[in-house]
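Dear colleague,

I am passing a structure on to you, and below it you will find my notes, written for someone who has not looked at it before. Please read them with the model open beside you.

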Amino acid sequence: MAQKKLQKDSEFAKYDMDGDGVVSDEELAMDAQRTMAWYALGGMLLYPVCVVVSVVAGIDTAAKILGDMAGVYFIAVAGIVAAFFGAQAMTNKAPKK
């Protein structure tokens, strides 16, 4: 079966990481992982804002619960981000075929 190629000026050309004109399953998976890592980083930045907003809004119970969960949350999210960046580093160091 022949590989499918992108049309000229396709909106999906941004997913073609190696520039061969074919978007592979690996390239799509890489984009999904990158998106997940960015959302995780965004959540890490938004989490403290939620705690502050809870305090300002007078919802002290919510602020306490969020504060109690912070340690576990940040370790879990840091693990996701570290795994993504570690995989990227290993992929970039691997010899090209």
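Is Ser 54 buried or exposed? Ser 54 has a relative accessible area of 9%, and because buried means under 20%, Ser 54 is buried. Please keep in mind, here and throughout, that this is a predicted model. Ser 54 lies in helix α1, and, leaving aside residues up to four places away in sequence, Ser 54 touches Ile 59, Asp 60, Ala 62, Ala 63 and Leu 66.

The chain as a whole

The secondary structure of the protein chain comes to two helices and zero strands. The radius of gyration is 20 Å, whereas the globule rule gives 13 Å for 97 residues, a value that the chain is well over, so the chain is more spread out than a compact globule. Of the 97 residues in the protein chain, 19% are buried, and the chain exposes about 7,700 Å², of which carbon and sulfur atoms supply 67%.

A search of the whole structure finds four aromatic pairs, and I describe two of them here. The rings of Tyr 47 and Phe 74 have their centres 5.5 Å apart and their planes at 75°, so this pair is edge-to-face. Tyr 47 lies in helix α1 and Phe 74 in helix α2, which covers residues 60-93, so the pair ties together parts that are 27 residues apart in sequence. With a relative accessibility of 9%, Tyr 47 counts as buried, whereas Phe 74, at 27% relative accessibility, counts as partly exposed. Phe 74 also forms an aromatic pair with Tyr 73, again edge-to-face, with 5.6 Å from centre to centre and 80° between the planes. Tyr 73 counts as partly exposed, its relative accessibility being 26%. Tyr 47, Tyr 73 and Phe 74 together form one aromatic cluster.

The charged residues

Side chains of opposite charge can pair when their charged atoms come close. How many salt bridges does a search of the whole structure find? The search finds two. In one of these, Arg 34 is joined with Asp 31, and the closest N and O atoms are 3.9 Å apart, a distance to be read against a cut-off of within 4 Å. Arg 34 and Asp 31 are three residues apart in helix α1, and therefore about one helical turn separates them. Arg 34 is partly exposed, with a relative accessible area of 27%, and Asp 31, at 21% relative accessibility, counts as partly exposed as well.

In the other salt bridge, the side chains of Asp 68 and Lys 64 meet at 3.1 Å, N to O. Asp 68 and Lys 64 are four residues apart in helix α2, so they are separated by about one helical turn. Asp 68 is exposed, with a relative accessible area of 55%, and Lys 64 counts as exposed at 53% relative accessibility.

On the surface, Leu 46, Val 49 and Val 53 form a nonpolar patch, which has about 260 Å² of accessible area for the three residues together. The place of Leu 46 is in helix α1, which covers residues 25-56.

Ala 29 also has its place in helix α1, and at 37% relative accessibility Ala 29 counts as partly exposed. How many residues apart in sequence are Ala 29 and Phe 84? They are 55 residues apart in sequence, while in space they are 12 Å apart, C-alpha to C-alpha.

As you start to look around, you might begin with Tyr 47, Tyr 73 and Phe 74, which form the aromatic cluster, and then turn to the nonpolar patch of Leu 46, Val 49 and Val 53.

Conventions. Residues are numbered from 1 along each chain as its sequence is written. This is a predicted model: local features need pLDDT of at least 70, side-chain atom pairs count only at pLDDT 80 or more; totals for chains, interfaces and linings use all residues. Side-chain values use heavy atoms; hydrogens and water are left out. Patches are made of residues with over 30% relative accessible area and no salt bridge: like charges are joined within 9 Å, nonpolar side chains (Val, Leu, Ile, Met, Phe, Trp, Tyr) within 5 Å. Accessible areas come from the Shrake-Rupley method with a 1.4 Å probe; for residues, only the protein chains shown count as cover. The radius of gyration is taken over C-alpha atoms; the globule rule is 2.2 Å times the number of residues to the power 0.38. Buried means under 20% relative accessible area, exposed over 50%, partly exposed in between (1.4 Å probe, protein chains only). Rings of Phe, Tyr and Trp (its six-membered ring) pair if their centres lie within 6.5 Å; planes under 30 degrees apart count as stacked, over 60 as edge-to-face and the rest as tilted. Contact means heavy atoms within 4.5 Å.
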